[in-house]
Amino acid sequence: MNAPVLTDRLKALETGFFAETHKLFIDGKWIDSESGQTIDVINPATGQVIAKVQAANAADIDKAVKAARRAFESGPWPAMNGTERAKLMWRLADALEEEGDEIGLVETLNNGMPMMMARMGAVGGSANNLRYNAGWAGKINGETIVGHNLSRHTYTLKQPVGVVGAITPWNFPLPMAIAKIAPAMAAGCTVVLKPAELTPLTAIRLGKLIERVGIPPGVVNIVTGYGDPAGKALVEHPDVDRISFTGSTATGKWIVQASAGNLKRVSLELGGKSPVLIFPDADLEKAIPGAAMGIFGNAGQVCVAGSRLYVHKDVFDKVVDGVTGMAKALRVGPGIEAETQMGPLISQRQLDRVTSYVQSGREQGAEVVVGGERSGNQGYFMQPTVLAETNRDMRVVQEEIFGPVVCAMPINDEDIEQIARTANDTTYGLAAYIWTRDMSVAHKLARKLQAGTVSVNGSAGIDAAVPFGGYKQSGWGRENGHEGAEHFYETKTVSVAL
């Protein structure tokens, strides 16, 4: 986007979309919250308020859940076949792409990510996700079963689970919302979406597109608000059948407990502390930038960020020097600037959290090879940071920092069993990365790593067709692919006497 066009779009947003106090989208209408309270939405690159949204409470959540229940049980949605639902999902995908430049800019201004990432990754990826999941509508079928009792005809049905509560994080606002809404819609479910209070703006833009393309009222409801009371009320609501949550492990554990009231189904995509394993035979011209951007991309605010860097001792210095060089050269700045490679952290609170982790590393004996400090005095920018002389007993090695901080540690041998034990030495198990030319080593190690996704010689990113989720405290269930679609169905057995 060239400078004059960008300037015009920014002015249009400031006087138009950003100038509104955005309402709640419930039952196909935009309504005020019960309390009338609002949330200031901050541009993390400046620290300035750019918009206001309504702050929902439990009463607003109840309205949204009731609207979703009506739409599921008696609206036009349950009468539609899979093809009709798919057509509406394709319309929504087309509308996203048509307004992609503006929506991408909103994502950048609200989240801080570089514009290319917002336009191509967030908006483009979301449109592709909608189209992919539209393909499942009507294609997940039951089966005929020949049981032990041959005097009965037995078959199964796949039916939508019902009302879905979707709670999304602030690091990839639009893609995370679509990753939950799309398979739910394809299955015939209805949704109440509670976006993160820090990044609600693209969810609101999504609501306007949902309204425009003719998706029936109540099928998707968008309720902005804080985790408490809005998120809490959604999780605890007795008429919600499934919660799909992406966020912190601590909140995920609370959701499990809070869902016990009606034993609602729960899927959780939680934290990570992903290992990057670089062997001496690796193509270092690819492994070094891969490792660097695997932690510095989106300012390290990525659940699958490669935050533990294990490098064979023979190439350790070369890799650390390479990653350090990239950290020094990386252009850190506002996402709207074309040359920016890494944007800000999401908030002052997150900046304080990340810098406090670096300080704890220093106190426990880590060497700050590069970075470690705030960048500039406006917005929430953090220097890309490499820590060496780290070990498993340090907080920076064991706990998820969610910032551009990598801990580099040498591997002293090539024993696969030992390397796997080292890589698995964490409560998390979301992702792992292997760099080697020896595919025998790669396949053997991949089997032993406790991670939901293992990437060899580079990452393909999140793909709507590929299951995504974690082992251990990185979550329950999978998003994307066939496994992700299945979460939104119940299986019913029908047995008929012959």
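Which side chain does the side chain of T246 make a polar contact with? Here are my notes, with that one settled in point 2.

1. Before anything else, this is a predicted model: local features need pLDDT of at least 70, side-chain atom pairs count only at pLDDT 80 or more, and totals for chains, interfaces and linings use all residues. Numbering starts from 1 along each chain as its sequence is written, and side-chain values use heavy atoms, with hydrogens and water left out.

2. The partner is K180, whose side chain sits 2.8 Å from that of T246. A polar contact is a pair of N or O atoms within 3.5 Å; within protein, one must be able to donate a hydrogen and the other to accept it, and residues adjacent in sequence count only if both atoms are side-chain atoms. You'll find T246 in strand β11 (residues 242-246); strands (E, at least two residues) and helices (H or I, at least four) are DSSP runs, numbered from the N terminus. T246 counts as buried because its relative accessibility is 5%; buried means under 20% relative accessible area, exposed over 50%, partly exposed in between (1.4 Å probe, protein chains only). T168 is 78 residues away along the chain, yet the two C-alpha atoms are separated by 5.4 Å.

3. Now try N221, in strand β10 (residues 220-222). N221 is buried, since its relative accessible area is 0%. Its side chain reaches the backbone oxygen of G218 at 2.9 Å. Setting aside residues up to four places away in sequence, N221 touches F25, I26 and D27, among others; contact means heavy atoms within 4.5 Å.

4. On to the largest nonpolar core, with 64 residues. Such a core is a set of buried Ala, Val, Leu, Ile, Met, Phe, Trp, Tyr and Cys residues joined through side-chain atoms within 4.5 Å. Helix α10 (residues 284-296) gives the most to this core, seven residues in total. L309 is one of the residues with the most contacts inside the core. Beyond its neighbours within four places in sequence, L309 is in contact with residues including V276, V319 and M409.

5. Look at helices α4 (residues 100-111) and α7 (residues 201-213), whose axes are 9 Å apart at an angle of about 155 degrees. Axes are lines fitted to C-alpha atoms, for helices over the stretch in contact, and angles run from 0 to 180 degrees between N-to-C directions. The pair is therefore roughly antiparallel, since angles over 145 degrees count that way, under 35 as roughly parallel, 65 to 115 as roughly perpendicular and the rest as oblique.
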